[in-house]
Amino acid sequence: MLLLKLKTTPFYLSGLIFLQKSLRNLSTKSSRYSRRDSDEEDDPKDQKIQSAEENQPDRLYLYKSKGQHLLTNTRILDAIVRRSDVRPTDTVLEIGPGTGNLTVKLLEAAKKVVAIEIDKRMVEILHKRVADEGLQDKLHVICKDAMKAEFPQFDLVVANIPYGISSPLVAKLVYGGNPFRSATLLLQKEFARRLLAKPGDSEFNRLAVNVKLVADVEFVMDVSKREFLPCPKVDSSVVIIRPKVEIPNVNLDEWWAFTRTCFCKKNKTLGATFKQKKKLIELLKLAKATSSNEENALLGKNYESDVDYDSETDEDVGFASSCSDSEMTLFKEKVVGILKTGGFHDKRPSKLSNEEFLYILSLFNQAGIYFHDHVNPKVSDNVAFAAAYTS
């Protein structure tokens, strides 16, 4: 099998690599998951190389600059399928099937595989390979960006998620409207560690808190970067996400906005975070908006924007000047009092459990303090909104 490494990032493999018989000529089988984050145009350098080789149809360009890699360890592929617990009656959603090594294994075990692949070249190769295996009737391919595609009903997910869209795609799965049994995901090791992190761990973050509200995450195994061709810069890990049967009865908009506040600086105490003038102004605005259904220009926006909590906008200054010193002082004392009553004033978000976060949020809401604009809520679906609150 011919493998050429040129001066630029593309890697070239003979088109025969995608036929099962040719794959057996390699020491191990190859499976490629597209890590392409979007359908943007190729880099200028990549375009130049492609133009120079356009008369050689038997070559596939693996763009390292686009994150396209081949997984080259058959044992890992078998382990992923085995740990996914695929049943003969299952419909499996595979994101980034690439050349189809894992796809074929899934087709052999499942009733149906729905594969979402953004690269049209890979779609053509996948169809050809599956047809050669006689499994074409069990495969449905959607050639779209996974973040833009509407997912059909499925029982399981098996995916190698591009790092650049890991957070929103995980959010789309766990907060989407499609019920499923589990998702077996091959992720960058660092991102997987963030998903698995527990209170007190250095990696513990808002991502773990928000995902674990609705799902359990299990570590399966690490995968060395040496198992991929071309070799990426980082190692990967396989995890399994299982949606919880029952989730807490909490307003998700409130939860996402609240956890964002808590983790704006996760190693600060909650007392220090909530004493910030910017945050106090934001919460007082929302408190007034919630207590009154009157709309005005001041309350005509959502206050969960990604702004620096230590900075003040002209609107903030205007709002603060419209409030008396005694009103601001009383509100600050109210916020601090809630934290002290619950024993959380000197606690750090990085040390707290989901149960403790839920309790703190309930204390605030019971006192009429909210983190989400209930008068002018965001007009978006759960998935799009959650994606902004899980990273």
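Strand 10 (residues 182-188) is largely enclosed by the rest of the structure, because 7 of its 7 residues are buried, where buried denotes under 20% relative accessible area, exposed over 50% and partly exposed the range in between, with a 1.4 Å probe and protein chains only. Helices (H or I, at least four residues) and strands (E, at least two) are DSSP runs that are numbered from the N terminus. The model is a predicted one, in which local features need pLDDT of at least 70 and side-chain atom pairs count only at pLDDT 80 or more, whereas totals for chains, interfaces and linings use all residues. Residues are numbered from 1 along each chain as its sequence is written, and side-chain values rest on heavy atoms, with hydrogens and water left out.

Strand 10 is paired with two further strands, pairing being assigned if DSSP finds at least two bridges between the strands. With strand 9 (residues 156-160) the arrangement is parallel and comprises 5 bridges, and Val157 stands opposite Ala183 of strand 10. Together with helix 6 (residues 166-174), strands 9 and 10 form a right-handed β-α-β unit; right-handed here means that, with the strands pointing away from the viewer, the path from the first strand over the helix to the second runs clockwise. With strand 13 (residues 236-243), strand 10 pairs in the antiparallel sense over 6 bridges, and Leu186 has Val238 of strand 13 as its bridge partner.

Over the chain as a whole, the secondary structure comprises 15 helices and 13 strands, and 52% of the 391 residues count as buried. Of the contacts (heavy atoms within 4.5 Å) between residues at least 6 apart in sequence, 73% join residues at least 24 apart.

Helix 9 (residues 252-262) is likewise largely enclosed by the rest of the structure, since 10 of its 11 residues are buried, among them Trp255, Trp256, Phe258 and Arg260. At the start of helix 9, a side-chain oxygen of Asn251 comes to within 2.9 Å of the backbone nitrogen of Asp253. Trp255 is in turn one of the residues in contact with Asn354, alongside Val209, Lys212 and Leu213, when neighbours of Asn354 within four places in sequence are left aside. Asn354 lies in helix 14 (residues 354-366) and counts as buried at 12% relative accessibility, and a polar atom of its side chain is 3.0 Å from the backbone oxygen of Val209.

The UniProt record, in an unreviewed entry, lists His69, Leu71, Gly96, Glu117, Asp145 and Asn160 under "binding site"; such annotations may be inferred rather than shown by experiment, and the positions are given in the numbering used here, with feature names shortened. Of these positions, Leu71 is located in strand 5 (residues 69-71) and is buried, with a relative accessible area of 0%. Gly96 occupies the loop between strand 6 (91-95) and helix 4 (101-109) and is also buried, at a relative accessible area of 4%.

Asp85, in the loop between helix 3 (74-84) and strand 6, is partly exposed, with a relative accessible area of 41%. Apart from its neighbours within four places in sequence, Asp85 is in contact with Asp90, Leu156 and Arg181. Asp85 and Ala109 are separated by 24 residues in sequence, with a C-alpha to C-alpha distance of 9.3 Å.

Methods
Polar contact = N/O pair within 3.5 Å; in protein donor to acceptor, adjacent residues only side chain to side chain.
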